[in-house]
Amino acid sequence: MRITVLLPGPLREKAGGESHLELEVAEPATLGALLDVLAERYPALERRLRDEQAGLRRYVNFYVDGEECRHRGGPSAALRDRGEVQIIPSVAGG
C-alpha cells in the first residue's frame, strides 16, 4: 500500500529536507508498520517519533486521514491505500 506522510518544518531535516514522503507499507498496513518503514529509511526521524520501547511519543500527534490516531487505536490504527498520515510535534512555550 502506498501512504503519503506529511512532515512539518521541524521534522524535515531528519528526512533529508522532504515535506512529503511516499512510502510503501505491506498489508495489513498500520501506523506502527508505517513507522517501522520510516525507521529503516530515516533513523534520526524515528527517534523523534517513538520512544525506546517503540511507543508513540506523547508530544507528537499523528493524524491518519485527518483523524488523531489515538482515537483509532494508536500504532494499530489501520491505513488505507493512498492514505495520508500527518505528523505534528506539539509546540510548548510561554
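Which residues have the most contacts inside the largest nonpolar core? They are L31, L34, L38, L49, F62 and I87, in a core of 25 residues. A nonpolar core here is a set of buried Ala, Val, Leu, Ile, Met, Phe, Trp, Tyr and Cys residues joined through side-chain atoms within 4.5 Å. Two or more residues come from each of β1, β2, α2 (31–41), α3, β3 and β5, and α2 gives the largest share, 4 residues.

A quick word on the model: it's predicted, so local features need pLDDT of at least 70, side-chain atom pairs count only at pLDDT 80 or more, and totals for chains, interfaces and linings use all residues. Residues are numbered from 1 along each chain as its sequence is written, and side-chain values use heavy atoms, with hydrogens and water left out.

Back to L34: leaving aside neighbours within four places in sequence, L34 is in contact (heavy atoms within 4.5 Å) with I3, V5, L23, V25, L79 and V85.

Now for strand β1, residues 2–6. Helices (H or I, at least four residues) and strands (E, at least two) are DSSP runs, numbered from the N terminus. In β1, 4 of 5 residues are buried, meaning under 20% relative accessible area, with exposed over 50% and partly exposed in between (1.4 Å probe, protein chains only).

| Partner | Sense | Bridges | Opposite residues |
|---|---|---|---|
| β2 (20–24) | antiparallel | 5 bridges | T4 and E22 |
| β5 (83–89) | parallel | 4 bridges | V5 and V85 |

Lastly, G55 sits in the loop between α3 (43–49) and β3 (60–64). G55 counts as partly exposed because its relative accessibility is 23%.

Terms used:
Pairing = 2+ DSSP bridges.
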